[in-house]
Amino acid sequence: MIKPKTEVEIELLRENAILVSKTLAEVGKAVAPGVTTKELNRVAETFIRDNGAIPSFLGFEGFPAAICASVNDVVVHGFPSDYVLKEGDVVSADIGTLYKGYNGDSAYTFPVGEVDAKTRKLLDVTKASLYKGIETAVAGARVGDIGYAVQSYVESYGFSVVRELEGHGIGTEMHENPGVPNFGRQGRGTHLVDGMVLCIEPMVNAGGKAVYLARNGWAVHTADHSKSAHYELTVVVRKGHAEQLSTFDFIEKDGTINF
């Protein structure tokens, strides 16, 4: 049985969610041609620690960095490195925090300089599909309703949803039940109840849905080397609506990215 969070727990998760949201904005300010993904990792780790939290990804099951920095055909779990970002790249930053015993987790895919029209559409559709999923994360619905909302929207634009990876619950553990796939059938899967806290995170490929795991055992690549996008927000299931805990406002409305 999946236990809903108390309002006290939700407030602690909100504190983490806001910190992760602000960290993503700091990373976004640093994204530019000529910058290494290792530098993005440094920016994020410094900001998290300066705010009294711990970068929860660092050391998680052996992961070597504070953030996942996934460039172009890397769907998720890319290692920050000496790779120098180039004009037209995309880089997703997936970031986690541990603060007051609870976790935060959010992701955003940043364009590097100017990107081509298909890449811009991939980013827009992936982010929009996240909000489609959030709209369905209401008490009385099922996990399959979220997956169906994401999948049907993404595929209507000719893009593909990754099947091997999914969203999740969050709390004192970074990954809790239920799993939240980005594909599925309406009316199937775990019932959603008031107070559940979920990380919904579409991972969408410009080409086919097939992926493969890199030799390092972490980075997931598109099989056809098409670009991929990844966006993630944390929400609370409520009656009649989903309440967002994390936000992209610090990135988009505060000037990190102008659309």
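Q: Is Cys199 buried or exposed in this predicted model?
A: Let's start with the cut-off: a residue counts as buried when its relative accessible area is under 20%. Cys199 has a relative accessible area of 0%. That makes Cys199 buried.

Q: How many disulfides does the model hold?
A: A disulfide needs two cysteine sulfur atoms within 2.5 Å. The sulfur of Cys199 has its closest cysteine sulfur in Cys68, 13 Å away, which is too far for a bond. Cys68 is itself buried, at a relative accessible area of 4%. The disulfide count is zero.

Q: Which residues touch the most other members of the largest nonpolar core?
A: In soluble globular proteins, nonpolar side chains tend to be buried together. Here the largest nonpolar core has 55 residues, and its largest share, six residues, comes from helix 1 (residues 7–30). Val91, leaving aside neighbours within four places in sequence, is in contact with residues including Val31, Leu40, Tyr108 and Phe110. The residues touching the most other core members are Leu40, Val91 and Ile200.

Q: How far apart are the end C-alpha atoms of helix 2 (residues 37–50)?
A: Helix 2 has 14 residues, and at 1.5 Å a residue it should span 20 Å. The distance between its end C-alpha atoms agrees with this, at 20 Å.

Q: Which residue forms a salt bridge with Lys5?
A: Side chains of opposite charge can pair when their charged atoms come close. For Lys5, the closest N and O atoms of the pair are 3.0 Å apart. The pair links distant parts of the chain, with Lys5 in the segment before helix 1 and its partner in strand 8 (residues 176–180), 171 residues apart. Both residues are buried, and the partner of Lys5 is Glu176.

Q: How many residues apart in sequence are the parts tied together by Asp82 and Lys38?
A: The side chains of Asp82 and Lys38 meet in a salt bridge at 3.1 Å, N to O. Asp82 lies in the loop between strand 3 (74–76) and strand 4, while Lys38 lies in helix 2. Asp82 is exposed, with a relative accessible area of 56%, and Lys38 is partly exposed, at 44%. The parts this pair ties together are 44 residues apart.

Technical notes
Residues are numbered from 1 along each chain as its sequence is written. This is a predicted model: local features need pLDDT of at least 70, side-chain atom pairs count only at pLDDT 80 or more; totals for chains, interfaces and linings use all residues. Side-chain values use heavy atoms; hydrogens and water are left out. Buried means under 20% relative accessible area, exposed over 50%, partly exposed in between (1.4 Å probe, protein chains only). A nonpolar core is a set of buried Ala, Val, Leu, Ile, Met, Phe, Trp, Tyr and Cys residues joined through side-chain atoms within 4.5 Å. Helices (H or I, at least four residues) and strands (E, at least two) are DSSP runs, numbered from the N terminus. Contact means heavy atoms within 4.5 Å. The expected span of a helix is 1.5 Å times one less than its number of residues. A salt bridge is a side-chain nitrogen of Lys or Arg within 4 Å of a carboxyl oxygen of Asp or Glu.
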